[in-house]
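This report looks at one helix and its surroundings, at charged pairs, and at some backbone details. Please keep the sequence and the model in view while reading.

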Amino acid sequence: MEGTTSSLLCSCDLPSVSRRSCRPFIDLPYTSNVTRRFICSRVRSSARYAILGAGFAGLSVAWHLLQHSSKESSMSIDIYDESGLGGGASGVSGGLLHPYSPKGKLLWRGSESWKECLELLVAAERAVELSYSSWTSHDQSYSFDGPIILRRQSLGILKPATAETKVEILKANAQNCLTSCSLELLDGQAATCLVPNLSVPLDFAIYMPFAMNIHPKRYLQALFLACKIFATEVSSSPRAVTEISLLKKHVKSLRELDGEYDAVVICLGAEAGKLPELSGNLPLRNCRGIIAELELPTDVREYSNQSPSILSNAWLAFQGPRHVLMGSTWEWKSNNYSSHVTSEEAAKAIKELLPKVSVVYPAIKKWEFVGARAGLRAMPPLTPLGSLPLLGCVAEDSNCQYWLVGGLGSRGLLYHGLLGKLMAQAVVSSDEALLPFELTSWKSKPIQNQT
């Protein structure tokens with residue numbers, strides 16, 4: 001890979017960040033990666049990092065940065081998000097977790113992504129267990145009103161085929177599934193045994209028994225708690241302190257952080273494009289999605305605790321026997337960042353989603369609408385490997401590097417573990433070459449109008 005920097009951030013004049021390589025701000029000859037790696041990887045007695053965004057990507061980067069902390073040196077991490085943990089698109093996502101495309105094909109680095117995500121879930125669940133112990137008994141801010149993984153509410157995910165052209169494709173792709181997240185081929189009778197009242201138009205369905213239904217807000221709260229616990233445990237002396245803080249503050253410009261940190265990692269999703277230094281320089285497409293919340297009337301038989309969530313042209317993520325999330329709409333080119341959904345928007349979303357879900361689960365018509373929420377996704381460009389997120393060092397000055405984790409789109413939950421780990425390694429080493437070329441190649445391509 002050629003030049004590892006994208007632009008410069010000068011303390012006296014902060015220009016817009018270019019996606020193309022340029023000479024470093026520091027007065028050194030333009031060097032190869034090997035030389036720059038030596039220059040930037042000198043040992044630090046302390047490190048200060050800022051993370052913009054407290055969603056899936058931001059919390060994952062924080063957790064993995066902490067894994068590089070040492071009992072011989074200090075580390076400080078500040079997470080900036082005016083809306084708090086999961087206040088953006090991550091917190092309103094449906095929470096269905098699996099490593100496959102709509103055609104049942106294993107996604108890019110799906111095996112690694114699945115593994116890293118499971119490890120973060122384990123860390124989060126351990127933190128929840130500790131939250132009931134003396135570690136947090138004095139702090140009422142760490143309380144959880146339910147489980148992170150909705151195991152009792154939904155067992156796996158079921159996907160009935162609705163198009164004849166996809167049946168053979170699904171069957172072929174299922175042969176290459178992961179052992180840890182297997183795909184089982186079911187006929188209509190077997191599928192309806194899992195979900196009574198299910199409609200299986202083509203007498204064929206894919207079942208993912210190990211796929212999960214995650215509660216995003218609880219998960220993010222637990223992962224932040226895991227970071228706090230880890231930072232406390234690794235701090236061995238007043239001279240080597242590791243700490244992490246959540247700052248409910250809006251950062252309007254990267255200039256606000258000038259001179260404060262060794263590295264800044266931008267994990268703002270669609271809001272990254274609102275930073276003046278990045279505006280117009282990211283090949284991302286905004287897409288607003290609305291999720292409807294439905295409840296079952298008391299006089300109707302409840303949905304079985306042993307039944308899976310459902311994927312089709314729309315999806316149903318069951319939160320309990322009488323509560324389900326239905327999603328999601330796709331409003332391209334939206335600039336509506338609000339999670340609030342008007343009554344008119346909700347009615348339009350129900351009109352769009354209900355017919356899609358009814359094809360495979362007609363009983364959904366008995367459920368009653370009780371609310372809606374929305375999130376603005378940052379969708380990456382399509383590549384030969386699929387829609388891949390954007391990573392990279394987008395700017396630097398003599399004291400600080402600025403990094404981006406963006407374009408996770410609708411796969412933030414799956415990809416956040418792996419991307420956070422890769423980004424933390426690159427940040428600590430000050431070496432963009434540690435990132436997969438597939439995720440940094442966007443910097444060398446011209447921006448095209450996204451549709």
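Is Lys171 buried, partly exposed or exposed? In this predicted model, Lys171 has a relative accessible area of 32% and is therefore partly exposed.

The side chain of Lys171 meets that of Glu168 in a salt bridge, with an N to O distance of 3.8 Å. Both residues belong to helix α4 (residues 164–174), where they lie three residues apart, about one turn of the helix. An α-helix has 3.6 residues a turn, so residues three or four places apart point the same way. Glu168 has a relative accessible area of 53% and counts as exposed, because the cut-off for that class is over 50%.

## Helix α3 and its cover

Helix α3 comprises 22 residues (110–131), which at 1.5 Å a residue should span 32 Å, and the 31 Å between its end C-alpha atoms agrees with this expectation. Buried residues of α3 include Gly110, Trp114, Cys117, Leu121, Ala124 and Val128. Among the elements that cover the buried residues of this helix are α2 (56–66), β3 (96–97), β7 (212–213), α6 (216–234) and α8 (412–429).

## Charged pairs around Glu116

One joins the side chains of Lys115 and Glu116 at 3.9 Å, N to O, and Lys115 is partly exposed at 45% relative accessibility. The other brings together the side chains of Lys421 and Glu116 at 3.0 Å, N to O. This second pair links distant parts of the chain, since Lys421 is in helix α8 and Glu116 in helix α3, 305 residues apart. Lys421, at 29% relative accessibility, counts as partly exposed.

## Backbone details in the loops

Arg109 is placed in the loop between β3 and α3 and is partly exposed at 29% relative accessibility, while Asp203 lies in the loop between α5 (188–194) and β6 (205–208) and is partly exposed at 48%.

A cis peptide bond, with omega of about -10°, joins Gly327 and Ser328, and Ser328 is found in the loop between β13 (323–327) and β14 (331–332). In the loop between β2 (74–80) and β3, Ser90 is buried at 17% relative accessibility; beyond its neighbours within four places in sequence, Ser90 is in contact with Gly55, Phe56, Pro216 and Leu220.

Terms used: Residues numbered from 1 in each chain as written. Predicted model: local features only at pLDDT ≥ 70, side-chain atom pairs only at ≥ 80, totals over all residues. Heavy atoms only, no water. Helix = DSSP H or I, 4+ residues; strand = E, 2+ residues; numbered from the N terminus. Expected span 1.5 Å × (residues − 1). Buried < 20%, exposed > 50% of the residue type's maximum accessible area, 1.4 Å probe, protein only. Contact = heavy atoms within 4.5 Å. Salt bridge = Lys/Arg side-chain N within 4 Å of Asp/Glu carboxyl O.
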